[in-house]
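Biologist: Please bring up the sequence and the structure, so that we can go through some local features together.

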Amino acid sequence: MRDIGTPACIAHEDGTVHCIYLSQDGYPAFAGQILLQHFQTLERVQQLLDGGNLYRLRPELGKPHDFVEAQNNPELRLKTQNWCQFKRRDYDRRRSQPTDEQAQELGSLDLLLLLNQQQDTPWTYVFRTGQWDLYSSDSIEGILLQEALSTHERQ
C-alpha cells in the first residue's frame, strides 16, 4: 500500500547542499527505488534538481506538459505516466505568475536535516560521491540507500 502523502527531500552535497522537495510518495520503497535505479549519475541527479520541487518522482524526467490536461486526456496521461511532475514546469503552468520552486542551496547537511525535522519531512535522500544516503527525520545518522532497501526487503 502506498502512502501518497509522504513528503521527502532530495539533495546533492558537494561542499554545499542543493535540495528539492517531493510532495508525495517519498518513502524509500518507492522514491528510494526510483532514485537508486534511475538517478545514479551526477548528471542525472543535477538534471532532476534543476527541475525544482516535485509533486511526483518518476523514472523519466519527461518534457514540459500541463499536468491537469494530462489527467483529463487518456492518451497524454499514458504518455506522461512515467515522467516526473515538477511543480513549476508542469503544474503551475496555468498561473500567470509561476511560484518560485527552484532548488534551494544550503550551507550544510546538518541544517537541511534540522529543517526537514522541523517541517515533518520524514525522508531525506542525499547523493554524494556517486551513491545515495538515506536519512530519517528522527536521526542525523544516514545509511546507504541500497543497504536500507535491502534490510527492508529481508524483514
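Biologist: In this predicted model, in which loop is Asp120 found?

Modeller: Asp120 is a residue other than glycine with a positive phi, near 55 degrees. Asp120 is also exposed, with a relative accessible area of 63%. Its place in the chain is the loop between helix H6 (109-118) and E6.

Biologist: Asp25 has a positive phi too; is Asp25 buried or exposed?

Modeller: Most residues other than glycine have a negative phi. Asp25 is not a glycine, yet its phi is positive at about 60 degrees, and this residue is found in the loop between E2 and H1. Its relative accessible area is 2%, and since buried means under 20%, Asp25 counts as buried.

Biologist: How far apart in space are Tyr125 and Pro28, C-alpha to C-alpha?

Modeller: Tyr125 has its place in strand E6 and is buried, with a relative accessible area of 0%. Along the sequence, Tyr125 and Pro28 are 97 residues apart. In space, the C-alpha to C-alpha separation of Tyr125 and Pro28 is 9.0 Å.

Biologist: What kind of aromatic pair do Tyr27 and Phe30 form?

Modeller: A search of the whole structure for aromatic pairs finds 2. In the pair of Tyr27 and Phe30, the distance is 6.0 Å centre to centre, with 45 degrees between the planes, and both residues are buried. Planes under 30 degrees apart count as stacked and those over 60 as edge-to-face, so the class that remains for Tyr27 and Phe30 is tilted.

Biologist: Which residue lies over the face of Tyr55, and at what distance from the ring centre?

Modeller: For a charge to sit over a ring, NZ of Lys or CZ of Arg has to be within 6 Å of the ring centre and within 35 degrees of the ring normal. The residue found over the face of Tyr55 is Lys87, and its distance from the ring centre is 4.9 Å.

Biologist: Which helix gives the most to the lining of the second largest pocket?

Modeller: The second largest pocket has a volume of about 150 Å³, and its lining is made up of Arg56, Arg58, His65, Phe67, Ala70, Gln71, Arg77, Thr80, Gln81, Trp83 and Gln85. By residue type, this lining divides into 3 nonpolar, 5 polar and 3 charged. Helix H3 (67-72) and helix H4 (74-80) each supply at least two of the lining residues. The element that gives the most, with 3 residues, is H3.

Biologist: How far apart in space are Asn82 and Gly62, C-alpha to C-alpha?

Modeller: Asn82 has its place in the loop between H4 and strand E4 (85-86), and at 36% relative accessibility Asn82 counts as partly exposed. Asn82 and Gly62 are 20 residues apart in sequence. In space, their C-alpha to C-alpha separation is 7.8 Å.

Definitions and conventions: Residues are numbered from 1 along each chain as its sequence is written. This is a predicted model: local features need pLDDT of at least 70, side-chain atom pairs count only at pLDDT 80 or more; totals for chains, interfaces and linings use all residues. Side-chain values use heavy atoms; hydrogens and water are left out. On a 1 Å grid over the protein atoms alone, a cavity is a set of points where a 1.4 Å probe fits but cannot get out, and a pocket is an open set with protein on both sides within 12 Å along at least five of seven lines; lining residues have an atom within 4 Å of a point. Grid points are joined across faces, edges and corners, and a volume is the space filled by probe spheres set on the points. Helices (H or I, at least four residues) and strands (E, at least two) are DSSP runs, numbered from the N terminus. Ala, Val, Leu, Ile, Met, Phe, Trp, Tyr, Cys and Pro count as nonpolar, Asp, Glu, Lys and Arg as charged, and the others, Gly among them, as polar. Rings of Phe, Tyr and Trp (its six-membered ring) pair if their centres lie within 6.5 Å; planes under 30 degrees apart count as stacked, over 60 as edge-to-face and the rest as tilted. Buried means under 20% relative accessible area, exposed over 50%, partly exposed in between (1.4 Å probe, protein chains only).
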